[in-house]
Amino acid sequence: QYLDAPKNAYIDTGFAPNNNTRVVFDATVRGTLESWFGVSDDSSVDWWKTKVFGVSNDGRGVYSGFGNLGGTAGSVAANGRHTIEFDKGVFKVDGAVHTTHSGQTFQLSRSLYLFADNRPNGVNTKNGTVRFHSCQIYDNGTLVRDYVPVLYGGEVCLFDKVNREYA
């Protein structure tokens, strides 16, 4: 039914997002610092607002980054189960629009990580354990990853139903 991804754990999806990427992430929020998914091609001090795609509770609010726009808005996502969706720059929590980033065209070179931010200078995870239920990743409307938690060899891991691979 779920996987608890501890701090410093992450999954490399092998998919580099672009302006037509949609991610639907089902999680039980359990804290104010949680990385849900993210990637940045920029290693500068402004990594969080350039060449980026990702969403997280950052302790002050919910951070979302899309292309060359990023920042924290509103309050953190409250504890409880939520659908976190990022669709072509429109960020929603449980179907309600939280933040909209203006239209851009971009293709990142690095792959999207679940439970962390994939950055050129290393992996960044937030504090806290992410309770993960499922995640779908779409490329311009085509489902390219569909992760669900499973038991495999007595261990809880993720299974991608699209590529039929364990992660």
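This is a predicted model: local features need pLDDT of at least 70, side-chain atom pairs count only at pLDDT 80 or more; totals for chains, interfaces and linings use all residues.
## Strands, rings and turns

Trainee: Why is strand 14 called largely enclosed?

Mentor: A residue is buried when its relative accessible area is under 20%, exposed when over 50%, and partly exposed in between (1.4 Å probe, protein chains only). In strand 14 (residues 130-139), 7 of the 10 residues are buried, so the rest of the structure largely encloses this strand.

Trainee: Which strands pair with strand 14?

Mentor: Strand 1 (residues 3-5) runs antiparallel to strand 14 and is joined to it by 3 bridges, with L3 opposite F132. Strand 3 (residues 21-29) pairs with strand 14 in the antiparallel sense over 8 bridges, and V23 faces I137 there. Strand 15 (residues 142-152), again antiparallel, is joined to strand 14 by 5 bridges, and Q136 stands opposite D146.

Trainee: What makes the phi of N140 worth a mention?

Mentor: Most residues other than glycine have a negative phi. N140 is not a glycine, yet its phi is positive, near 55°. You can find N140 in the loop between strand 14 and strand 15, whose hairpin has 2 residues between the strands.

Trainee: And what about R164, is it buried or exposed?

Mentor: R164 has a relative accessible area of 63%, so it counts as exposed. R164 lies in the loop between strand 16 (155-160) and strand 17 (165-166), and has a positive phi of about 55° although it is not a glycine.

Trainee: How many aromatic pairs are there in the whole structure?

Mentor: The search finds 13 aromatic pairs. Rings of Phe, Tyr and Trp (its six-membered ring) pair if their centres lie within 6.5 Å, and planes under 30 degrees apart are stacked, over 60 edge-to-face and the rest tilted.

Trainee: Why is the pair of F66 and F86 called edge-to-face?

Mentor: The ring centres of F66 and F86 are 5.8 Å apart and the planes are at 70°, so the pair is edge-to-face. F66 lies in strand 6 (residues 62-67) and F86 in strand 8, so the pair ties together parts 20 residues apart in sequence.

Trainee: Why do F66 and F86 count as buried?

Mentor: F66 has 1% relative accessibility and F86 has 0%, so each counts as buried. Both also belong to one aromatic cluster, with F25, F37, F53, F91, F106, F115 and F132.

Trainee: How do you know that the charged end of R131 sits over the ring of Y2?

Mentor: The rule asks for NZ of Lys or CZ of Arg within 6 Å of the ring centre and within 35 degrees of the ring normal. R131 is 3.8 Å from the ring centre of Y2. R22 likewise lies over the face of Y138, at 4.9 Å from the ring centre.

Trainee: Last one: what lines the largest cavity?

Mentor: A cavity is a set of points on a 1 Å grid over the protein atoms alone where a 1.4 Å probe fits but cannot get out, and lining residues have an atom within 4 Å of a point. The volume is the space filled by probe spheres set on the points, which are joined across faces, edges and corners. The count comes to 1 cavity of 30 Å³ or more, and the largest cavity holds about 40 Å³ of space. Its lining is A5, P6, K7, A9, S35, F115, T125, K126, G128 and V130.

Terms used: Residues are numbered from 1 along each chain as its sequence is written. Side-chain values use heavy atoms; hydrogens and water are left out. On a 1 Å grid over the protein atoms alone, a cavity is a set of points where a 1.4 Å probe fits but cannot get out, and a pocket is an open set with protein on both sides within 12 Å along at least five of seven lines; lining residues have an atom within 4 Å of a point. Helices (H or I, at least four residues) and strands (E, at least two) are DSSP runs, numbered from the N terminus. Two strands pair if DSSP finds at least two bridges between them.
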